[in-house]
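Q: I have a structure open here and would like to go through it in pieces. Can you take my questions as they come?

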Amino acid sequence: MKAPFLFSTPRLREFKKEIPMEYYEIGPSPWGEECAQVGEENYSARALAECRAFINQILRHYPAPSKFGTLKPKRFSHDFGRYYEVVACIHEWTQAKAIYDWISKIEGDAKNVLENWDQEALAELGLVENN
């Protein structure tokens, strides 16, 4: 039995073009900090740890408005290898406005808390000494 027209491959590709992207790139780490670089030793492990610490830092200061918007590390391809960044994901399009407003708050960082690692993130990354 042939699939209905809506689900045929050419129609599905056209349909996906009409839908806004389902994620928004935030970045790999606070913008004022050095981050792991593609090609460095243990890049993947370090980059994923930084992404997780950045996600936790963002959520401490800008909690997600609902379960329909989340932050996660995402892998991207590059000429020199794969790299990771934190992305905001939209899981329910009926909640898209609230999620976009949340993303705007993160990007605008009115609280000025995302330029550098906070103390919790530094501890999570093992970058502070315990006295």
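This is a predicted model: local features need pLDDT of at least 70, side-chain atom pairs count only at pLDDT 80 or more; totals for chains, interfaces and linings use all residues.

Q: Which other ring does lysine 74 lie over?
A: Tyrosine 23. Lysine 74 lies over the face of that ring, at 4.9 Å from the ring centre.

Q: And which residues do ring pairs link into a cluster?
A: Tyr23, Phe76 and Tyr83.

Q: How many aromatic pairs does the structure hold?
A: There are 4. One of them joins phenylalanine 54 and tryptophan 117 in an edge-to-face arrangement, with 6.2 Å centre to centre and 85° between the planes.

Q: What does that pair tie together?
A: Parts of the chain that are 63 residues apart in sequence, because phenylalanine 54 is in helix H2 (residues 43–61) and tryptophan 117 is in the loop between helix H3 (96–108) and helix H4 (119–124).

Q: Are those two buried or exposed?
A: Phenylalanine 54 and tryptophan 117 are both buried.

Q: Step back a bit. What is the overall layout, read along the sequence?
A: The pattern is α-β-α-β-β-α-α, with 4 helices and 3 strands in the chain.

Q: How much of the chain counts as buried?
A: Of the 131 residues, 28%. As for contacts between residues at least 6 apart in sequence, 66% join residues at least 24 apart.

Q: Back to H2. What about glutamine 57, buried or exposed?
A: Glutamine 57 lies in helix H2 and counts as buried, at 0% relative accessibility.

Q: What is glutamine 57 in contact with?
A: Setting aside neighbours within four places in sequence, glutamine 57 is in contact with Pro30, Val113, Leu114, Asn116, Trp117, Asp118 and Ala121.

Q: And glutamate 50, where is that found?
A: Also in helix H2. Glutamate 50 is buried, with a relative accessible area of 6%.

Q: A buried glutamate, then. What does glutamate 50 touch?
A: Pro28, Glu34, Cys35, Ala36, Trp117 and Leu125, if residues up to four places away in sequence are not counted.

Q: Cys35 is on that list. Where is cysteine 35 placed?
A: In the loop between strand E1 (23–27) and H2. Cysteine 35 is buried, with a relative accessible area of 18%, and the cut-off for buried is under 20%.

Q: How far apart are the C-alpha atoms of cysteine 35 and glutamate 50?
A: They are separated by 7.5 Å, while the two residues are 15 apart along the chain. Beyond neighbours within four places in sequence, cysteine 35 is in contact with Pro28, Ser29, Arg46 and Glu50.

Q: New topic, pockets. How much space lies in the largest pocket?
A: About 180 Å³.

Q: Which residues line the largest pocket?
A: Glu33, Glu34, Arg46, Ala49, Glu50, Arg52, Trp117, Glu124, Leu125 and Leu127. By class, that lining has 4 nonpolar, no polar and 6 charged residues.

Q: Which element gives the most to the lining?
A: H2, with 4 residues.

Q: Now backbone angles. Which residue has a positive phi of about 60°?
A: Asparagine 42, although it is not a glycine. Asparagine 42 is found in the loop between E1 and H2 and is exposed, with a relative accessible area of 55%.

Q: What about the phi of aspartate 109?
A: That phi is near 45°, again a positive value in a residue other than glycine. Aspartate 109 has its place in the loop between H3 and H4.

Q: Buried or exposed, for aspartate 109?
A: Buried, with a relative accessible area of 9%.

Q: And alanine 110, buried or exposed?
A: Exposed, at 72% relative accessibility. Alanine 110 is found in the loop between H3 and H4.

Q: What does alanine 110 touch?
A: Tyr62 and Lys105, not counting residues up to four places away in sequence.

Methods:
Residues are numbered from 1 along each chain as its sequence is written. Side-chain values use heavy atoms; hydrogens and water are left out. Rings of Phe, Tyr and Trp (its six-membered ring) pair if their centres lie within 6.5 Å; planes under 30 degrees apart count as stacked, over 60 as edge-to-face and the rest as tilted. Helices (H or I, at least four residues) and strands (E, at least two) are DSSP runs, numbered from the N terminus. Buried means under 20% relative accessible area, exposed over 50%, partly exposed in between (1.4 Å probe, protein chains only). A charge sits over a ring if NZ of Lys or CZ of Arg is within 6 Å of the ring centre and within 35 degrees of the ring normal. Contact means heavy atoms within 4.5 Å. On a 1 Å grid over the protein atoms alone, a cavity is a set of points where a 1.4 Å probe fits but cannot get out, and a pocket is an open set with protein on both sides within 12 Å along at least five of seven lines; lining residues have an atom within 4 Å of a point. Grid points are joined across faces, edges and corners, and a volume is the space filled by probe spheres set on the points. Ala, Val, Leu, Ile, Met, Phe, Trp, Tyr, Cys and Pro count as nonpolar, Asp, Glu, Lys and Arg as charged, and the others, Gly among them, as polar.
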